[in-house]
Amino acid sequence: MKKINDWQWYDYPEVGSTNDEIRGFLTVPQQKIIVSARRQTAGRGRRGRSWIADEGNLLVSLALECGLDKLGEMIFIVSLSLLETVKSFDKSAPVKLKWPNDVLLNGGKLCGILLEKGEGDYLIIGIGVNIVSAPPASGMLYPLSALAAAGINVTREEFLNRFVAQFDIVLSLWKENGFTPIRQRWLQNVKGLGEEIVVNMENGSKKGLFAGIDENGALLLDSERGIEKIYAGDIFYLAGK
Ligand code: BTN
């Protein structure tokens, strides 16, 4: 076990999914745990998709006690921290956020975030970052990107250390000031505000202008029916990159 700030960090050569492996550590309250692995044999993404990664990419889960009612806000805290981490390596990197929980580099998906409930009040935050390579895009909904392809050469350990420091900063801001400053900073870094999008949901799709997010993180879609709130879905930008 190593430490990053006050987090306990366990790194493995191979696991099924770091989001599952971390569950074994959540028996003691008040811990801040990180589990990472070089390889996953059953990495998973949102909505039942799988997550494929070459060795050298970051595969990590963090667990902290914060209450499941905060899950919605945590998505924005994590994605904003990931964006700030990339910028800390290259402040002019073309990195943007995409609702609800993607981080884009050069318009391609760089990171994926999967939040799950753990034991008690523990929240499990699974993060995949394409450090050295983007997996083949076949079967993926979006184009993918990697840090190395954009000339940002860091190791998964360097990225993780920098991310945890950034996450702690954003977490403190949220604990002291609530969701408002997080939402503001997220909106300053989001792709395509005011642009035309399509939102694919479980029960169909909707088209309109991307009007931002509300005070709880719901997507605001400016459509012919007025401003609609959308709570889950995948968005596509019609103007391309
Ligand atoms: C997405 O669909 O965008 C979310 C992908 C999340 C992948 C990460 S990799 C580390 C952690 N373990 C998993 O099995 N999934 C998450």
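A residue counts as buried when its relative accessible area is under 20%, as exposed when over 50%, and as partly exposed in between (1.4 Å probe, protein chains only). At 0% relative accessibility, C111 is therefore buried. The model is predicted: local features need pLDDT of at least 70, side-chain atom pairs count only at pLDDT 80 or more, and totals for chains, interfaces and linings use all residues. Residues are numbered from 1 along each chain as its sequence is written, and side-chain values use heavy atoms, with hydrogens and water left out.

**Overall form**
- The protein chain has 4 helices and 13 strands, taken as DSSP runs (helices H or I, at least four residues; strands E, at least two).
- Its radius of gyration is 17 Å, close to the 18 Å of the globule rule for 241 residues, so the protein chain is as compact as a globular protein of that length.
- That radius is taken over C-alpha atoms, and the rule is 2.2 Å times the number of residues to the power 0.38.
- The C-alpha trace spans about 55 × 35 × 35 Å along its principal axes.

**Packing**
- Buried residues make up 53% of the 241 in the protein chain.
- Of the contacts (heavy atoms within 4.5 Å) between residues at least 6 apart in sequence, 65% join residues at least 24 apart.

**Cysteines**
- The structure holds 0 disulfides, a disulfide being a pair of cysteine sulfur atoms within 2.5 Å.
- For C66, the closest cysteine sulfur is in C111, 20 Å away, which is too far for a bond.
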